[in-house]
Amino acid sequence: MKVLCAIVVAASLLVVGAAQANTVKLSVNGMVCAFCAQGIEKRLSKMPENGPLYINLKQKVVAIQAKPGKTIDVDKVKAEITEAGYDVVQVQTVPQTVAAIRAEMKAKK
Amino acid sequence: MVRRRLIGLGLALALGLCSGGALALPMGSKGEGMVMLDTSPDQRELAANFAVSTVDAWGVAVGRWSEPLHGVAAHERSREFVAATYTRRVQRWNLPHAQANVWLVGMVGQVRGQGLNSQRSLGSLAVMADYETTRVYVGAGLRPMRASGVRHDSTWLRGGFSFYEAEYDEVQPWFVLEAKRVNFGGSAKNEVTPMLRFIHKRVFVEIGGNRDGAQFNLMWSP
């Protein structure tokens with residue numbers, strides 16, 4: 001019984017952890033060309049707390065997921081995107097992983 | 001990282017190509033380098049620059065062009081130049097589904113060639129503008145290059161469209177048409193060149209051809 005309870009609790013923690021993926025989703029103006037927007041990817045990939053990254057030009061989305069145990073520095077991410085030459089118009093913290101956002105965007109095509 | 005950059009630069013040089021066609025993006029973002037190469041039947045140019053800020057880049061360019069001699073059919077003379085360059089992004093508009101830019105590119109250097117008894121100081125101040133979405137591109141520019149007894153003034157207009165939307169990490173193919181006029185002082189040349197453009201994250205390639213021959217433009221960001 002105790003073992004069963006421990007398994008249920010552990011499984012619940014895993015579900016909650018996945019649902020609370022630390023991901024920031026930004027809406028960025030001016031991203032129309034991959035060659036031009038690759039500066040965003042280069043800059044954000046250098047930040048030590050940043051994990052998986054997704055860029056969608058048509059939907060004008062940049063999504064960054066934090067590495068385990070880390071937190072995204074939103075102000076720094078916005079500054080890096082601005083330094084790359086683009087304008088951040090909206091920022092959201094979302095529970096999805098970057099992989100889930102990518103799948104969702106592909107499904108919308 | 002350094003090795004990758006050196007290999008890339010070596011590849012670019014080995015291709016022996018030169019560019020004036022870095023029209024879509026004459027500089028990278030702050031802290032980035034850019035190598036630009038073009039070749040066409042009568043002009044070759046190789047340029048590299050480094051963005052020291054979000055709007056300024058310094059670099060160098062070397063090039064060679066052929067121009068028709070006065071009144072002598074099928075005769076040409078060549079010019080070679082080397083120059084320091086400065087690129088300034090004068091204005092950018094980041095719109096919800098488009099981007100527009102105005103650029104200035106200054107060049108100061110030396111030119112030599114047939115008919116010139118010595119090297120001469122060369123200057124240029126180009127102005128370029130572009131507007132693009134993920135499906136449409138329009139660009140125009142004017143680049144006068146002058147030295148004592150030397151004139152190479154280029155004016156161009158480009159327009160194109162992408163065949164389909166592509167994901168950020170996929171290659172996106174485009175069709176681009178360029179109309180260009182080069183004024184050498186006593187003569188001028190007009191060209192219309194259709195091109196295929198392929199854009200990937202780190203590489204931008206254009207392949208085209210007109211009645212004079214093939215044209216190849218390459219931009220690479222290390």
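Of the 109 residues of chain A, 32% count as buried, a residue being called buried if 20 or more other C-beta atoms, placed from the backbone, lie within 10 Å of its own, exposed if 12 or fewer do, and partly exposed in between. This is a predicted model, in which local features need pLDDT of at least 70 and side-chain atom pairs count only at pLDDT 80 or more, while totals for chains, interfaces and linings use all residues. Residues are numbered from 1 along each chain as its sequence is written, and chains are lettered from A, with ligands numbered from 1, in the order in which they are written. The model scores ipTM 0.81 and pTM 0.84.

Chain A holds four helices and four strands, where helices (H or I, at least four residues) and strands (E, at least two) are DSSP runs numbered from the N terminus. Read from the N terminus on, the elements of chain A follow the order α-β-α-β-β-α-β-α. Among the contacts in chain A with a separation of 6 or more, 68% are between residues 24 or more positions apart; two residues are in contact if their C-beta atoms, placed from the backbone, lie within 7 Å.

Within chain A, the axes of helix 2 and helix 3 (residues 74-83) come within 9 Å and cross at roughly 145 degrees; such axes are lines fitted to C-alpha atoms, for helices over the stretch in contact, and angles run from 0 to 180 degrees between N-to-C directions. The crossing of helix 2 of chain A and helix 3 of chain A is right-handed, and a crossing is left-handed if the near helix is turned anticlockwise from the far one by less than a right angle, and right-handed if clockwise. Helix 2 of chain A brings I40(A), R43(A) and L44(A) to this contact, and helix 3 of chain A brings V77(A), E80(A), I81(A) and E83(A). By class, the contact of these two helices has four nonpolar, no polar and three charged residues, with Ala, Val, Leu, Ile, Met, Phe, Trp, Tyr, Cys and Pro counted as nonpolar, Asp, Glu, Lys and Arg as charged, and the others, Gly among them, as polar.

One residue of helix 3 of chain A, E83(A), leads on to the other chain. Leaving aside its neighbours within four places in sequence, E83(A) is in contact with R43(A), and also with S29(B), K30(B) and T54(B). E83(A) counts as partly exposed because it has 16 C-beta neighbours inside 10 Å.

Taken as a whole, the interface brings 20 residues of chain A into contact with 25 residues of chain B. On the chain A side, the elements that give two or more residues are helix 2 (34-45) and strand 2 (50-56), and helix 2 of chain A supplies the largest share, six residues. That side of chain A has 10 nonpolar, six polar and four charged residues.

Chain B has one helix and 12 strands, and 38% of its 222 residues count as buried. The 12 strands close into a barrel in the order 1-2-3-4-5-6-7-8-9-10-11-12, with antiparallel pairing, and the twist averages 15 degrees from one strand to the next. Strand 1 (residues 33-40) of chain B and strand 12 (residues 213-220) of chain B pair in the antiparallel sense over five bridges, two strands being paired if DSSP finds at least two bridges between them. In this pairing, V35(B) has W220(B) in strand 12 of chain B as its bridge partner.

Strand 2 (residues 43-51) of chain B pairs with strand 3 of chain B in the antiparallel sense over nine bridges, and the two form a hairpin with four residues between them. Strand 3 of chain B is also joined by 13 bridges to strand 4 (residues 76-95) of chain B, and these two run antiparallel.

A word on confidence remains. The mean pLDDT of chain B is 87, and 86% of its residues reach 70 or more, pLDDT being the predictor's confidence in each residue, from 0 to 100. Over residues 3-23 of chain B, however, the pLDDT is below 50, and this stretch has 46 contacts in the model beyond near neighbours in sequence. Where pLDDT is low, the predicted coordinates should not be read in detail.
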